[in-house]
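Please view the structure first.

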Amino acid sequence: MCREVIGEFKSVTKRFGATTALDELSLDIHRGINGLIGHNGAGKTTAIRLSLGLIKPDDGCAKLFGFDCWRDSMSIRNKVGVLYEKLAFYDNMSGLEQLRLMAKLKGASDSVVKLRKLLCLVELDEGAHDRRVGGYSAGMRQRLGLAQALLGKPELVILDEPTANLDPLNRTKILELVTFLNKEHNISFLISSHILPELEKICDNFILMNKGKLLRQGKLEQMLSKTSLSVPFVKFVVRVHPVESVATFLEGEECVEKLSIIDGSLHVIVKDVLLFKQRLPLLIGQAKASLDEVKMAESDLETVFKSSVKEV
Amino acid sequence: MSLRVGLALLKAELDKVWARPILEITVAFMATMAIFMVQPFTEIVDHSKFSIVFQSALAGSVSSTVASLLLPLVIMCGVLMALSFARDYESGLMLSILSVPVSRKMFFAVKFFAVVLPLALLSWILTTFFVGLTFYSSPWLVLQLSFYALPVTFLSLMFCGGIGVLVALLVKRSIPAVLTSLLANFFFWFLTNIDTLSSGGDSYANYLCLTPYKGALVFLNKLLGLAPKAISMTDTLEVTLSAGAFGVLAVFWACVLVVPMFVYFCRRFEICE
Ligand SMILES: Nc1ncnc2c1ncn2[C@@H]1O[C@H](COP(=O)(O)OP(=O)(O)O)[C@@H](O)[C@H]1O
Ligand SMILES: [Mg+2]
């Protein structure tokens, strides 16, 4: 299925003095859930600010919903909700008042009851609605920010590192909420993160960035096939001693798809995990080797990301 | 629609800028300066001339009260304006507000007037109060004459507010911006407050009355119908130019920094903190 493209960057360059934050970046944002992935300093936040017309590209052209990001940013801001890494509110207001102000600014005429419902949706406890935002914890501010981003029926919601201040349980909850909103209310998302495994499960379109450049973009399966790794197999890293003799024994096994020695440990791509786990100890015994560690390799997205970074 | 948005934002800004001790400190600062200008009306005059002398004494009192309020106004306006812009930039609030459909024009105007308007109103109220302490017998005349304080301080505040915005948008950090704005504003106030008589010279007097704050005070004196104090200087600009000319001058100073900063903020300024 080919999804509609709602935003595109065409060789966008942005420099801050000597640093080049975006280096001829080209990317597409699709309807659905987009994951914007890169290390710290890759330029994710810069790309997001640029798409809302807060900074001006030095070169290239960025469009969202067909509007130019710098010149037509008002039209874009009418359709987009955003949650930034850096959260700022009117600290002297209560959570509800803050949300009401933002609703007014967005031209949404939501009633107080509806706003409270929204706060409950993002799981901000009822008791906190009327407390000063200045006294909120980082997690509560994050929820309030998320509620703010969802105000006024946006078509696209941009979340910049939405899980950074949350504990693992709440991270999952936020990501579940994202999936729910996408399915039930047809809201598209652009989520930036440097935590790869959590996005792997929910995104339809991945945008991998490094040092202001696009590495690769598309569906996970597409990207996996490009990196000479096949999807349905599970990767194991086996640290044994000596490596070479175990490798020769493993080579002929039918549960093994591919085998390589990287940095003194065995990287095995396995077709049949159960059989592999049965056979491994026997083979190690035959090779008279000693086993240090067996573990599943990183997630698929991490594999793609790392191999893409290496290719550059 | 956009008026509703503007008012909602203005209310939020007013609450933030004038939160707890700021308003109190400002009023105290202004009252401390103005109270020295309260002088009893003790002239003994001919009965037929009483009303003329009374009115000119009242006008003189308005003029000197406004002059004494200028320093606290300039300082507070410079500090609060720089703080308001730089703090929002630094904290990320500017980023949040400008990511919803609020135009930069409206954002700038709201932030600017959230500082300037209350200060102008305060200066008018305090002028009325302190002039009224002496001339309470004709409240109507007090109200009438002290009303002139409003446009004059408003225009002066636009100039020092412009300095505050300029500094904030250049420096972008709250504490350095506040200190720089404080110094810059004090410097301009100082430049325009050297005594004309003791410094001497017609050309120097001409220069002084063209400067922002002194020009505004001359404008006020002309509105109040007060004659220039320096009788010896008959052909200086202060004497020869009309009230209208000084009004134009005050508007010029009011706009000279604010308008370019407004255009810069709306067209070019990048929010990338
Ligand atoms: N306002 C700024 N001034 C100078 N450099 C900046 C500014 N904003 C971002 N950068 C630089 O641009 C690069 C990309 O930053 P950013 O977009 O924040 O990355 P990310 O969000 O992916 O962590 C970094 O090297 C950062 O130092
Ligand atoms: Mg970032």
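A:T45 sits in helix α1 (residues 44-51) of chain A, and A:E85 in the loop between β6 (80-83) and α3 (95-105) of chain A, 40 residues apart. Helices (H or I, at least four residues) and strands (E, at least two) are DSSP runs, numbered from the N terminus. A:T45 is buried at 19% relative accessibility. A:E85 is partly exposed at 41%. Buried means under 20% relative accessible area, exposed over 50%, partly exposed in between (1.4 Å probe, protein chains only).

This is a predicted model: local features need pLDDT of at least 70, side-chain atom pairs pLDDT 80 or more, while totals for chains, interfaces and linings use all residues. Residues are numbered from 1 along each chain, chains are lettered from A and ligands numbered from 1 as written, and side-chain values use heavy atoms, without hydrogens or water.

| Helix pair | Axis separation | Angle |
|---|---|---|
| α3(A) and α5(A) (residues 138-150) | within 10 Å | roughly 25° |
| α3(B) (residues 50-91) and α8(B) (residues 174-191) | 8 Å | about 155° |

Axes are lines fitted to C-alpha atoms, for helices over the stretch in contact, and angles run from 0 to 180 degrees between N-to-C directions. α3(A) is roughly parallel to α5(A). α3(B) is roughly antiparallel to α8(B). Angles under 35 degrees count as roughly parallel, over 145 as roughly antiparallel, 65 to 115 as roughly perpendicular and the rest as oblique.
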